[in-house]
Amino acid sequence: MNIYLDNAATTKMSRTAINAMLPYMDTVYGNPSSLHSAGQTAAEALTRARQQISRCIGAEPEEIIFTSGGSEADNQAIISAAQMGRKKGKSHIVSTAFEHHAVLHTLKKMEKEGFEITLLDVHENGVVLPDQVEAAIRDDTCLVTVMYANNEIGTIQPIEEIGRICRARNVLFHTDAVQAAGQLEINVKEQNIDMLSLAAHKFHGPKGIGILYAKKGAALTPLIQGGAQERGRRAGTENISGIMGMAAALEEACAHMEDNSRRLRVLRDQLIAGLSQIPHSILNGDAEKRLPNNVNFCFEGIEGESLLLLLDDKGICASSGSACTSGSLDPSHVLLAIGRVHDVAHGSLRLTLSAENTEEQITYTIKAVKEAVEYLRSISPVWRDLVSGKRDFIIK
Ligand SMILES: *Cc1c(COP(=O)(O)O)cnc(C)c1O
């Protein structure tokens, strides 16, 4: 068995995306800034990709800026909004406690530069309420940035309502929609989104390419200085093959979104039902307001990392959902944000599906996780204390 259940980390490229890229790594190699025909052929492809992508998200082609991925798009959105705000004497930013680090670390940087950051609580179900956003906005607020769907627990945020509030209060609204693309409807106009980030490798496109959508009139701060590419908003010769692959992948993902989501929801709910049978386990994040492909559990008395290794032995690629960066054993900031205590947060497992997964794989995975959790508990001193009553269970 070889089962890939880590699609929130990255996805396998689709055949369509690969095929769309091939000519641009082979015969069409001109620089789009060159005036000769080879360059112009590349420039025309770039124009087509921009149109394709803008159609998928309800934007105008000139509102699409190509970046190196989701992180760069998040950085540029926040830094730009902050600088636009500062010019108007506004230095307050509203976000949530469980954003991706590309957002949180950029906010930290802005804080050092004198901005005040309000991080909203996301409650036990991992969903922020529009009223909280409304209440947090002040006269000096220059930006609200709230992710569309969380990358660890898959919870979906009420971005349309947040967009409406921001528009009414005249505050810029950015959303990190990296996990939403291909799974949830995106229409920047209808949803009142001023800036939005996407990463191709999360929707079966290539790695190292993404987009920042920025509403017409937004003054973007370039993170990279140099040539006049992307109308001066992002210098450097364009990654044409990546862009072509991304455009094809996004178009394909959007075309199949409803069918895929319907199918994935069934598999997801089978997985949730199966894993819920494990005693002292809990689903992280709202069961309803949740990406069609996301399952995230905590199992008391075990270490998520050990569980991952056992599952890997059984052919299952999963994640603990926590980036245990550089050997530090800090539990996931997302799980802490929804109120999981450290001990429980350490026993997490994230399984994220794609259209390639089958019912047989789900059945096999449920069995494998049950066995692995049982085994890890059988050798865990913490578990022994819990069972003997020396310690109280946190997850009932
Ligand atoms: C993956 C991810 C990112 C980062 O995207 P990269 O393309 O890897 O830079 C940002 N935000 C979210 C929600 C993500 O899931």
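Which residue's side chain meets that of Arg 167 in a salt bridge? In this predicted model, the partner is Asp 194, with an N to O distance of 2.8 Å. The two residues lie 27 positions apart and link distant parts of the chain. Arg 167 belongs to helix H6, whereas Asp 194 sits in the loop between S6 and S7. Their surroundings were examined next.

Helix H6 spans residues 159-169. Its buried residues are Ile 159, Ile 162, Gly 163, Ile 165 and Cys 166. These residues lie on the same side of H6, because they cover an arc of only 165 degrees around the axis. The buried set packs against helix H5 (130-136), S5 and S6. Arg 167 is partly exposed, at 35% relative accessibility. Asp 194, in contrast, is buried, with a relative accessible area of 6%. Just after H6, Asn 170 adopts a positive phi of about 65 degrees.

Strands S5 and S6, against which H6 packs, are part of an open sheet of seven strands. The strand order is S2-S8-S7-S6-S5-S3-S4, and the pairing is mixed. Strand S2 (64-67) and strand S4 (116-120) form the edges, each pairing on one side only. From one strand to the next, the twist averages 20 degrees. Strands S5 (residues 141-145) and S6 (residues 172-176) pair in the parallel sense, over three bridges. In this pair, Thr 145 of S5 stands opposite His 174 in S6. Helix H3 (residues 70-87) also packs on the sheet. Its contacts are with S2, strand S3 (92-96), S5, S6, strand S7 (195-199) and strand S8 (210-214). The direction of H3 makes about 165 degrees with that of S7.

A further open sheet has three strands, in the order S9-S10-S12. Here the pairing is antiparallel. Strand S9 (281-283) and strand S12 (348-352) stand at the edges. Each has a single partner strand, so one side of each is left without a neighbour in the sheet. S9 and strand S10 (residues 294-299) run antiparallel and are joined by three bridges. Ser 281 stands opposite Phe 299 in S10. Helix H8 (residues 257-276) packs on this sheet and touches S9, S10 and S12. The direction of H8 makes about 10 degrees with that of S10.

Side chains of opposite charge can pair when their charged atoms come close. How many salt bridges does a search of the whole structure find? The search returns 20. Arg 268 forms a salt bridge with Asp 269, with the closest N and O atoms 2.9 Å apart. Arg 268 counts as buried, at 4% relative accessibility. Asp 269 counts as partly exposed, at 36%. Lys 390 forms a salt bridge with Asp 385, and here the closest N and O atoms are 3.9 Å apart. That distance still qualifies, because the cut-off is within 4 Å. Lys 390 is exposed, at 69% relative accessibility. Asp 385 is partly exposed, at 24%. Salt bridges with shared partners also join Glu 116, Arg 138 and Asp 140 into one network.

How values were computed: Residues numbered from 1 in each chain as written. Predicted model: local features only at pLDDT ≥ 70, side-chain atom pairs only at ≥ 80, totals over all residues. Heavy atoms only, no water. Pairing = 2+ DSSP bridges. Helix = DSSP H or I, 4+ residues; strand = E, 2+ residues; numbered from the N terminus. Axes fitted to C-alpha atoms, helices over the stretch in contact; angles between N-to-C directions. Contact = heavy atoms within 4.5 Å. Buried < 20%, exposed > 50% of the residue type's maximum accessible area, 1.4 Å probe, protein only. Arc of directions from axis to C-beta.
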